[in-house]
Amino acid sequence: MTSINFTNLNCPSTRVSIIGAGKVGSTLAQRVAEKNLADVVLLDIVEGWPQGIALDLMQARGAERHDRQIVGTNNYADTANSNIIVIAAGIPRKPGINREDLIKINAKIVTESAQQAIAHSPEAILIVVTNPLDVMTYLAWEATGLPKHRVMGMAGILDSSRFQTFIAMELGVSIAEINATVLGSHGDLMVPLPRYSTVNGIPIAQMMDAETIARLVDRTRNGGAEIVKLMQTSSAYFAPASSTCLMVESILLNQSRILPCSVYLNGQYGVQDLFLGVPCRLGYQGVEQVIELELSDTEKAAFMECGKLVRQSIEEAKAILNNAQI
């Protein structure tokens, strides 16, 4: 495992570059800068758009009282020497856009964005946010040739946060009391784990009945779709940005937090050569440890079903990319 030098982390030279200045990317830029984690470079293909967002965020510094630099650009050269690259480029999920449509459009965007960004920051850690998340993370890893511990996808934190929120809303308790765990792919087949979800250490099965838990699990699986249906022309961005920022913070501050992320599995959980959501320890080198939980037969079967769909989607994406090159 190659060590990455993050000396003097509070200095202005600590840099996070965000590829894609849409709602997730721009909100993440705000989170990172206002938490004083790093300077931010915000890149987008639309001329003037990232520059305008960056200037708006810079003008907020007087009110937010931080001195971080936020730069908007259309040139990958401006992202050079980044500590972390976040890929948030691509189209979001909207009504009428299915999984195949997302793969067809986003596969090329993600692979090209990752390659160009890493060319200017070869020592960076890569976080993928674009959907379908687990597939795009695999493609970005393969396209860049980065070590597997330096590539990860944001999903499990978001899914777990949604599960936590729904539990808190159901019980009328503070979110600070709740820990929830969700494994697997970021989609309809995700695997929320009520057995590993607690309220101040008390298993949720002791706080609510099985029917209620099943309803909250189902709502968690459809958490993103519920927002898409309500917004109609957009998808979630506040919660995804906050979830990604949590990963950035754990890495830059070397917190070694145990967080659910889409990471490379090479035998863990019985899965080979796939990125799927599992608990892992995140620090300044990236993924420092994959945590293996003991799963029931039902949970294992659900997890393997996630892997089956992700593998199928990766093959579809590769075929699309290969055809595009012919």
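Partly exposed, as used in these legends, means a relative accessible area between the buried range, under 20%, and the exposed range, over 50%. Everything shown comes from a predicted model.

**View A. Glutamate 112 and lysine 108 pair up along helix H4.** With 34% relative accessibility, glutamate 112 falls in the partly exposed class, and so does lysine 108 at 41%. The two side chains form a salt bridge, with their closest N and O atoms 2.8 Å apart. Why does about one helical turn separate them? Because they sit four residues apart in helix H4, which covers residues 99–120.

**View B. Arginine 219 meets glutamate 226 in a salt bridge.** Here the N to O distance is 3.0 Å. Arginine 219 is partly exposed at 33% relative accessibility, and glutamate 226 is partly exposed too, at 32%.

**View C. Arginine 281 and glutamate 288 form a salt bridge.** The closest N and O atoms are 3.0 Å apart. Arginine 281 has a relative accessible area of 26%, so it counts as partly exposed. Glutamate 288, at 19%, counts as buried; the cut-off for that class is under 20%.

**View D. Arginine 150 is buried but has no salt bridge.** Look for this residue in the loop that runs between helix H5 (133–144) and strand E6 (151–153). Which side chain of opposite charge is nearest? That would be glutamate 123, 4.3 Å away, while a salt bridge calls for a nitrogen and a carboxyl oxygen within 4 Å. What the arginine 150 side chain does reach is the backbone oxygen of proline 122, at 2.5 Å.

View E. The whole structure has zero disulfides. For cysteine 261, the nearest cysteine sulfur belongs to cysteine 280, 4.0 Å away.

Note on methods:
Residues are numbered from 1 along each chain as its sequence is written. This is a predicted model: local features need pLDDT of at least 70, side-chain atom pairs count only at pLDDT 80 or more; totals for chains, interfaces and linings use all residues. Side-chain values use heavy atoms; hydrogens and water are left out. A disulfide is a pair of cysteine sulfur atoms within 2.5 Å. Helices (H or I, at least four residues) and strands (E, at least two) are DSSP runs, numbered from the N terminus. Buried means under 20% relative accessible area, exposed over 50%, partly exposed in between (1.4 Å probe, protein chains only). Lys and Arg count as positive and Asp and Glu as negative; His and the chain ends are not counted. A polar contact is a pair of N or O atoms within 3.5 Å; within protein, one must be able to donate a hydrogen and the other to accept it, and residues adjacent in sequence count only if both atoms are side-chain atoms.
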